[in-house]
Amino acid sequence: MSINSIDHSEMSDVASKWDFKDETASHISQTKRQQAEARRRIELLRDIRASGLTIEEAKELGLIH
């Protein structure tokens, strides 16, 4: 299929039906989300420790809140 053979009205119709909810992971349970957030925080703290920064320095740089 060539890009020139795509119908503009068909593309517009599909784009208008596209919803942001389709891209979010709304079906993931709250527990799984919390576990993923905890893993990201742990990984961030490991990266900070590996870089040689202290927690205070990381806070001053805005890396952690």
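How many residues does H2 have, and how far does H2 reach from its first C-alpha to its last? Read on for the answer. This is a predicted model, where local features need pLDDT of at least 70, side-chain atom pairs count only at pLDDT 80 or more, and totals for chains, interfaces and linings use all residues. Residues are numbered from 1 along each chain as its sequence is written, and side-chain values use heavy atoms, leaving out hydrogens and water.

**View 1. The whole chain follows the pattern α-α-α.** You'll find three helices and zero strands here (DSSP runs numbered from the N terminus: helices are H or I with at least four residues, strands E with at least two). Of the 65 residues, 6% are buried (buried is under 20% relative accessible area, exposed over 50%, partly exposed in between, with a 1.4 Å probe and protein chains only).

**View 2. Here is helix H2, residues 30-51.** H2 has 22 residues and reaches 32 Å, close to the 32 Å expected at 1.5 Å a residue (the expected span is 1.5 Å times one less than the number of residues).

**View 3. Zoom in on Arg39, which sits in H2.** With a relative accessible area of 52%, Arg39 counts as exposed.

**View 4. Now look at Ile64, in the segment after helix H3 (55-60).** Why is Ile64 called buried? Because its relative accessible area is 13%. Ile64 and Ile48 are 16 residues apart in sequence, and their C-alpha atoms are 9.5 Å apart in space.
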